[in-house]
Amino acid sequence: MTLTLGLNFGTHDAAAAIVHNGTVVAAVEEERLNRIKNTKVFPARAVQACLDLAGASADDLDQVALFVDPKLHLLLAPSNLRHGTPASIGSLFSDLDKYRKRRRLPATIRSSGLLPKNLPLIPVPHHQAHAASAYHVSPFDNALVVTLDGRGEYETAAIFDGIDGKLIRRHHITYPHSFGYLYSALTRYLGFRPQSDEYKVMGLAAYGSGTYRERLARLAHFDTETGRLRLDLRYFDHHRRPSAQRTLYSRNSVELLGPPRNPGDEITDRHRDVAHALQHLHEQLVTAYIVHAQRLVPRRTLCLAGGVALNCVANAAVINSGRFDQVFVQPAAGDAGTSIGAALVAGASKERRPLQNAFLGPEFGTKAIEKALSGLPAGRYEVRRTTDPHREAARLLHAEQVIGWFQGRMEFGPRALGARSILASPRSAETAVRINAMIKQREAFRPFAPAVLAEHADEYFDLSPAGALVYPYMLATAPVHPHRREEIPAIVHADGSARMQTVERTGNPDLWKVIQEYRQLSGLPVVLNTSFNGADEPIVCTPDDAVNTFVRCGLDGLVIGPFVATPHSP
């Protein structure tokens, strides 16, 4: 019986997870609790939340697993070393080596007061943690496992053979050549935040043309013989020091593509075309690496992890390639997921338990919800209790209301999957315009996802059987059938696709019930689903977060636990 705490912090997406005998029992991102998006700090709040969810105390832990092997210090740039609570990560990494042989927690973690003094520390190489986070929770005994991100200690991508519960590394790509940094550099060039806003560039790409494809192709080359990605480093500066002065792209990129866009500037056709060319190049490079991986590990089941595996359009290209019978993408594929992977590696359980859903975070009882609702501005809102929140939500959606939906355990990973969601009817394109402009206050080009009853998904979307394990986590796009697009325009992107979420009755019963009730009223088995948060905020976690966001964003209703809150009519 082994209880292992897994940690990720210091790069981005700080998180904690607890694994018990091969089963992930809890996983929480620190940003949801400290309300700082993509936070890097030591995940003290997430650790405590995971212990609470596991019904355990720190004294019950058998070991702590870390998301990186401290023998190699390349993962953390000097500018990142200041991020730590209660002591700096710089101090942590400087004394980790002292404690490696003893395998005891260094003083920098012990000083938090959270963890027992003599708790063993198990460092896990970063890409092994990524690989384990996908393979060990997949339903596959044997699988090709590919990890792609910005970088780990020195690796930026790796190929593993997952066989009978073990992971054997077969290939890797080393820094500074990186799929992730290629995309991040152009994300910054386009005026967005690197290692945060890549998904915006992916969405923007659908509006562009192929004008810049030939120029972008100069930035990177893939050697099909060796499986090596090579960036033309003349166009980048991510590998240079000091890191605080880097822009990720170089002057040569500016000469090639034109002036970079500043944040907040108007988005022009040139920007759209550069985004389109980047996404096209990215898909070509990722596909080439996976083709190479399948030559080394000739399997027809594939697991993907790493931040690059959050690119839904590239995932769809892999799913639709015909090379695989089944694909699985770990729902928290970015660095947050390494907390799960590190714990699974350190736990070394012979039992492998496939992930049933991503609802691994905190949940809240009626008293906590009532207390939060009592803080609503007096006289402005009606709050009532209901015996059927799913039906109430469906009625509001059918009346073209945009609502907050808060039920059960919080999701782990970047997607709102129906526990902390904003829901709306997909029948009007104006709904999407309103949510972007007034409620979430975000860029107009960004699409919304459909959540569709799994048993009706093929009626509306062109799905591949190979993606059946990916679609429930909103991690791949699919074409909307042309004859259906006018029925659900709010979720159809510029290229006729949608970032899919199939909703199964067993794996996601609360959201399934809402959509089923909505279908009975409207005839549509589809709703619009987006994350429950305001602009540049993490997804809500607590009832207080939900109530505050409901008020601040001007939602038409909030269905939270057994309660419905709506504004009084003016």
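How many bridges pair strand β21 (residues 557–560) with β22, and in which sense do the two strands run? The pairing is antiparallel and extends over 3 bridges, where two strands are taken to pair if DSSP finds at least two bridges between them, and where helices (H or I, at least four residues) and strands (E, at least two) are DSSP runs numbered from the N terminus. The model is a predicted one, in which local features need pLDDT of at least 70 and side-chain atom pairs count only at pLDDT 80 or more, whereas totals for chains, interfaces and linings use all residues. Residues are numbered from 1 along each chain as its sequence is written, and side-chain values use heavy atoms, with hydrogens and water left out.

Within the pairing of β21 and β22, Ile-560 stands opposite Phe-563 of β22, and the hairpin formed by these strands has 2 residues between them, with Gly-561 taking a positive phi near 60°. Strand β22 (residues 563–567) is mostly covered, 4 of its 5 residues being buried (buried means under 20% relative accessible area, exposed over 50%, and partly exposed in between, with a 1.4 Å probe and protein chains only). Strand β22 also pairs with β13 (residues 381–385), in the antiparallel sense and over 5 bridges, and Thr-566 in β22 is the bridge partner of Glu-382.

These strands belong to an open sheet of 8 strands with mixed pairing, in the order β13-β22-β21-β14-β15-β20-β16-β19. The edges are formed by β13 and β19 (501–503), each of which pairs on one side only, and the twist from one strand to the next averages 25°. Helix α13 (residues 366–373) packs on this sheet and touches β13, β21 and β22, its direction making about 15° with that of β22; contact means heavy atoms within 4.5 Å, and axes are lines fitted to C-alpha atoms, for helices over the stretch in contact, with angles running from 0 to 180 degrees between N-to-C directions.

A further open sheet, also of mixed pairing, is formed by 5 strands in the order β8-β7-β6-β11-β12. Strands β8 (166–174) and β12 (326–329) stand at its edges with a single partner strand each, so one side of each is left without a neighbour in the sheet; the twist averages 20° from one strand to the next. Strands β6 (residues 142–148) and β7 (residues 155–163) run antiparallel and are joined by 7 bridges, with Ile-159 in β7 as the bridge partner of Val-146. Helix α10 (residues 269–296) lies across β6, β7, β8 and β11 (301–305), running at about 145° to β6.

The hairpin of β2 and β3 has 2 residues between the strands, and Asn-21 takes a positive phi near 50°.
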